[in-house]
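Please examine the sequence and the structure shown below.

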Amino acid sequence: MFAIEYFEVECPEPVGAAYYNQITNDVLLDHNLLKVIHKLHVFIDPRIPLFIAVGVLNKITSKVRIGDFTNINPQEGKMTLVIANETYLAPMLKILWEKYGKDHVEQPDRFTVVLYDVRADPKEIEEMIVADPSESLGKDLIYAFRLIAPEGFRVRREIHENGKFTFVASEDTIQEDIDAMVRARFALMGETP
Amino acid sequence: MTLVPVTYKGGVHQHDAIIDLIEDLGGYIVQKHMIAQEIVLQCFVPKDDIELIARISKPLFGEVTESPLVGTEIAVVSMSLEIHHLPHPSCDFAEYARRIGAKTNMVSPARGPGKRISTINDEERDVINEHDIAVYAFGNFESCIEHKWPVMRRGIEVPIVVMGGPSEEILRRIIDPPADGYVGGVGRFMRRTKEGEEIAKLDEIVAEVTRVLEKRREEIAKDPLSVSPARLMEVIREQVPAIHQVTSPTPLTVQMAGLRVKLPYDTFAEPLRNIVLEDGILLHDLAEVLPSRMRDYIIVRILPFSESNTVI
């Protein structure tokens, strides 16, 4: 598990800053995003009003494979997959159905999937990729920051590219000098947007 | 005879005896919860008889505690019903207050959140005014609270307790015109209140709400109500059988100076007005029967002695 290397909440009201520090931490923890973020700087000024979150992401290449959440027991003429974590059960079934056909894939209960007459190496099945969490990462990240930002801030601008993200939200039209402000926050972390 | 609000907690076994006892003593049961093997009664009992009830319920492992929030309806005004503000902290407090006897409703303005953009409309204002007290759950920034407070309180006639992120001193300084109660250090947060310190904060809110309500009770005592809301509830229960068909948890919600009757206004307002309370005295002599802004319910406002010249 990675730790966030840089995490700062900047706000002219110290009490508000402490609260938003806690909120940011709680939301990212709840959405399992703490391990994804490398550096994060949050700037809030309720007087303007403006909310800026800029950050750098960790490089994650961890694709989820069948072996990550199942145990495979090869038996005579069949193969039993014992599932430890249901999160990726649906995409896994879909892939298995497509590859072997519904006749050969049976799911007697929530935690078991049985493959009949499948001539495949258990190793090969273990290596099959079920999901790639980094695909939906951008969406998850923006969703999390929508929760963190004050709710009234409904005018938003979101950018997520090259492992960096910018989230700007305000109640009013976002000013044109926003890029300079975003650059300044990146500079505080020693990065460029 | 002064009636005081108490909560009785005990086993299901022989709880009928306790209900009979409370009724025989002249008390009223406001709400009865049966949770598995346990029973919780929220009731008004004569002050001098608490001792007696405690003594009789002792062999049944019953417990009698004073709970000043019984018989009050509280509006918890959350700035929105989005995940930003719910379930913590608004629901945490609403649920906590319910546990100690209050009837809490969550009220949320359609355009509550934000600083410049936050407003409240007439329906929301009227719904809040139907309660005994409003608890406003504000956010974390003093500049926002300062800005939106005059808008959010516009037209609200019931006492307001403000909770917000900044400390109590800051809230007192920025909130103008003043509110009736303040609790600092409870702004927007996104975790459940379950640790000792957080529960202490909820207790602090309850204490503040109780203090404000006590003040209101004292005011009512100066010009007493023509009939006690709990008694009126009992009479309606006896004379309007349709109330027993209502599936809501509290078909009759007791307030400090009135009653919410969860029956349609058009059909039931007239029969309700003509209920005979005592010989010759009808309900409409002592109370106003008005349409509620909450669904099509009825709200009964009991007149004070100075207006009706009768006390029963």
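Is V64(A) buried, exposed or partly exposed? The model is a predicted one, and in it V64(A) has 18 other C-beta atoms within 10 Å. A residue counts as buried at 20 or more such atoms and as exposed at 12 or fewer, so with 18 of them V64(A) is partly exposed.

The setting of this residue can be described further. V64(A) belongs to strand 4 of chain A, which covers residues 64-65. Leaving aside residues up to four places away in sequence, V64(A) touches Y88(A), V130(A), A131(A) and P133(A). As for T24(A), it is 40 residues away from V64(A) in sequence, and the two C-alpha atoms lie 27 Å apart in space.

Domain 1 of chain A is made of two segments, 6-60 and 134-188, while domain 2 of chain A covers 64-129. Between the centres of domain 1 and domain 2 of chain A, taken over C-alpha atoms, the distance is 40 Å.

The overall form of chain A comes next. Along the principal axes, the C-alpha trace of chain A spans about 70 × 30 × 25 Å. Of the 193 residues in chain A, 29% are buried. Among the contacts in chain A with a separation of 6 or more, 58% are accounted for by residues 24 or more positions apart.

One sheet of chain A deserves a detailed description. It is an open sheet of four strands in the order 5-6-8-7, with antiparallel pairing. Strand 5 (70-75) and strand 7 (105-109) of chain A are its edge strands, each pairing on one side only. On average, and with direction ignored, neighbouring strands of this sheet are turned by 20° against each other. Six bridges connect strand 5 of chain A with strand 6 (residues 78-83) of chain A in the antiparallel sense. Within this pairing, Q75(A) has K78(A) in strand 6 of chain A as its bridge partner. Helix 3 of chain A, residues 89-100, packs on the sheet and touches strand 6, strand 7 and strand 8 (112-116) of chain A. The direction of helix 3 makes about 145° with that of strand 7 of chain A.

Attention now turns to chain B. Chain B contains eleven helices and 15 strands. Its radius of gyration is 20 Å, which agrees with the value near 20 Å that a compact globule of 312 residues would have. A box of roughly 55 × 45 × 35 Å, taken along the principal axes, is filled by the C-alpha atoms of chain B. Buried residues amount to 41% of the 312 residues in chain B. Of the contacts in chain B between residues at least 6 apart in sequence, 69% join residues at least 24 apart.

Chain B is assigned domain 1 (3-66), domain 2 (73-220) and domain 3 (229-308). The centres of domain 2 and domain 3 of chain B, taken over C-alpha atoms, are separated by 28 Å. Ten residues from domain 2 of chain B and ten residues from domain 3 of chain B take part in the contact between these domains. On the domain 2 side, helix 4 (122-129) and helix 7 (196-222) of chain B each supply at least two residues. What classes of residue make up the side of domain 2 of chain B that touches domain 3 of chain B? This side comprises eight charged and two nonpolar residues, with no polar ones.

Strand 14 (residues 287-291) and strand 15 (residues 298-302) of chain B run antiparallel and are joined by five bridges. In this pairing A287(B) stands opposite I302(B). Six residues lie between the two strands of the hairpin, and R295(B) in the turn has a positive phi of about 45°.

Finally, the two chains meet. The contact between them takes 17 residues from chain A and 24 residues from chain B. The chain B side that touches chain A consists of ten polar, eight nonpolar and six charged residues.

Key:
Residues are numbered from 1 along each chain as its sequence is written. Chains are lettered from A and ligands numbered from 1 in the order in which they are written. This is a predicted model: local features need pLDDT of at least 70, side-chain atom pairs count only at pLDDT 80 or more; totals for chains, interfaces and linings use all residues. Domain bounds come from an automatic or database domain assignment. Two residues are in contact if their C-beta atoms, placed from the backbone, lie within 7 Å. Ala, Val, Leu, Ile, Met, Phe, Trp, Tyr, Cys and Pro count as nonpolar, Asp, Glu, Lys and Arg as charged, and the others, Gly among them, as polar. Two strands pair if DSSP finds at least two bridges between them. The radius of gyration is taken over C-alpha atoms; the globule rule is 2.2 Å times the number of residues to the power 0.38. Axes are lines fitted to C-alpha atoms, for helices over the stretch in contact, and angles run from 0 to 180 degrees between N-to-C directions.
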